[in-house]
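Please look over the sequence and the structure below, and then work through the questions about charged side chains and model confidence that follow.

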Amino acid sequence: MDGETQQIVEAIDSEDARQILALASLESMSAHDLEEELEVSLTTVYRHTEELVDLDLLREETEIDPSGTQYSTFQTTIRRIAFTIHGGEFRVDLQYRDDMVDRFSRLWRALGDRPS
């Protein structure tokens with residue numbers, strides 16, 4: 001198993017990390033929202049979200065509340081994780097979510113690459 005696969009397997013080994021991915025797949029959630037939903041410490045939420053963001057399993061965005069305070073929200077970037085064993089290798093295949101912004105960005109880049 002390669003290093004990245006090992007990191008993904010270890011990251012989602014925790015029930016809390018899997019629950020973060022599940023909850024953040026429904027809507028963007030702040031660390032405090034996740035803390036309340038999971039009934040775990042904020043430290044635990046931050047530890048898991050940091051690791052999941054580093055592995056591109058979560059996307060972190062900065063929001064600003066009406067009082068001007070900045071905070072992060074998290075949304076799951078993957079739609080599907082599949083584990084396969086083939087040819088003597090253990091693999092993790094990720095299928096990423098394809099939201100409208102991603103599709104528009106690809107279309108815009110494709111249009112910009114066309115010759116005049």
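## Salt bridges in a predicted model

In this predicted model, the structure holds three salt bridges.

Q: Is Arg 18 buried, partly exposed or exposed?
A: Buried would need under 20% relative accessible area and exposed over 50%. Arg 18 has 36% relative accessibility, and therefore counts as partly exposed.

Q: How far apart are the closest N and O atoms of Glu 61 and Arg 59?
A: Glu 61 is partly exposed, with a relative accessible area of 36%, and Arg 59, at 27%, also counts as partly exposed. The two residues form a salt bridge, in which the closest N and O atoms are apart by 3.2 Å.

Q: Which residue forms a salt bridge with Arg 91?
A: Arg 91 is partly exposed at a relative accessible area of 38%, and the closest N and O atoms of the bridge are 3.0 Å apart. The partner counts as partly exposed at 30% relative accessibility, and this partner is Asp 93.

Q: Which element of the protein chain has the lowest mean pLDDT?
A: The mean pLDDT of the protein chain is 88, and 85% of its residues reach 70 or more. Among the elements, the highest mean, 97, belongs to helix 4 (residues 42–54), whereas the lowest, 64, belongs to helix 5 (residues 100–112).

Definitions and conventions: Residues are numbered from 1 along each chain as its sequence is written. This is a predicted model: local features need pLDDT of at least 70, side-chain atom pairs count only at pLDDT 80 or more; totals for chains, interfaces and linings use all residues. Side-chain values use heavy atoms; hydrogens and water are left out. pLDDT is the predictor's confidence in each residue, from 0 to 100. Helices (H or I, at least four residues) and strands (E, at least two) are DSSP runs, numbered from the N terminus. A salt bridge is a side-chain nitrogen of Lys or Arg within 4 Å of a carboxyl oxygen of Asp or Glu. Buried means under 20% relative accessible area, exposed over 50%, partly exposed in between (1.4 Å probe, protein chains only).
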